[in-house]
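User: I have a model open and want to go through a few spots in it. Can you take my questions as they come?
Analyst: Go ahead.

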Amino acid sequence: MKPTRPLVLLALALGAGGIAYAGIDLWDSRGTPPVVPILAPIVLLCLAAVALATALSLRSRLKAQRERRPNARAVDPLVAARAVVFAKAGSLVGALVVGVYGGYALYLSHFLEVTERSAQAQRCAFAVGAGVLLVGGCLFLERILRVPEDPEDK
């Protein structure tokens, strides 16, 4: 499995943002666009906290293992593999969420004088920030679990 490249995440966010902007514009011309759920940024923040906590926990355990401390708990390879899959999926989902809510917020920024739309734009901005934190936490977790390259392996 290759590490996640930030350029792929940026392209995903920009593509999703463009599609979201166009979709909300079309939806608004035909009726009222959907309401941004208040729980969306909260769930993203919780996922970011889980990614960061997992990364910090595994980093300290791996460091203790490398230093050969007598009371060091080994990291189960299956746990590490699951964490890497979570990190990879979380970074992709976070980039997608940043794009979708970013496009929605950009569209709503044209209507900030309307109180309801202003509140929606604030929720979208909060969700974008939470999505960026999720991407950062997942990339950090993925970096922690990177296996060092073997100098003898060509």
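User: Is alanine 119 buried, partly exposed or exposed?
Analyst: Alanine 119 is partly exposed, because its relative accessible area is 30%; buried means under 20%, exposed over 50%, and partly exposed in between, with a 1.4 Å probe and protein chains only. Before going on: this is a predicted model, where local features need pLDDT of at least 70 and side-chain atom pairs count only at pLDDT 80 or more, while totals for chains, interfaces and linings use all residues. Residues are numbered from 1 along each chain as its sequence is written, and side-chain values use heavy atoms, with hydrogens and water left out.

User: Where does alanine 119 lie?
Analyst: In helix α4. Helices here are DSSP runs of H or I with at least four residues, strands are runs of E with at least two, and both are numbered from the N terminus. The C-alpha atom of alanine 119 is 9.3 Å from that of valine 36, and the two residues are 83 apart along the chain.

User: And serine 118, buried or exposed?
Analyst: Buried, because its relative accessibility is 18%. Serine 118 is also in helix α4. Leaving out residues up to four places away in sequence, serine 118 touches Phe111 and Leu112, where contact means heavy atoms within 4.5 Å.

User: What lies over the face of phenylalanine 111?
Analyst: Arginine 117, at 4.8 Å from the ring centre. For that call, NZ of Lys or CZ of Arg has to be within 6 Å of the ring centre and within 35 degrees of the ring normal.

User: How many aromatic pairs are there in the whole structure?
Analyst: Two. Rings of Phe, Tyr and Trp (its six-membered ring) pair if their centres lie within 6.5 Å; planes under 30 degrees apart count as stacked, over 60 as edge-to-face and the rest as tilted. Tyrosine 21 and tyrosine 107 make an edge-to-face pair, because their planes are at 75 degrees, with the ring centres 5.6 Å apart. Tyrosine 21 is in helix α1 (residues 6–30) and tyrosine 107 in helix α3, so this pair ties together parts 86 residues apart in sequence. Ring pairs link Tyr21, Tyr107 and Phe111 into a cluster.

User: How accessible is tyrosine 107?
Analyst: Tyrosine 107 has a relative accessible area of 5%, so it is buried. Tyrosine 21 is at 28% and therefore counts as partly exposed.

User: Switching to the core. Which residues have the most contacts inside the largest one?
Analyst: Leu58, Tyr101, Tyr104, Leu108, Cys124, Leu141 and Leu145, in a nonpolar core of 29 residues. Such a core is a set of buried Ala, Val, Leu, Ile, Met, Phe, Trp, Tyr and Cys residues joined through side-chain atoms within 4.5 Å. The elements giving two or more residues to this core are α2 (39–66), α3 (77–108) and α4 (115–144). Of these, α3 gives the most, with ten residues.

User: What is leucine 141 in contact with?
Analyst: Neighbours within four places in sequence aside, the list is Ala51, Thr54, Ala55, Leu58, Ala83, Phe86 and Ala87.

User: Last one, the loop between α2 and α3. What about arginine 68 there?
Analyst: Arginine 68 sits in that loop and is exposed, because its relative accessible area is 73%. Its phi is near 55 degrees, a positive value in a residue other than glycine. Most residues other than glycine have a negative phi.
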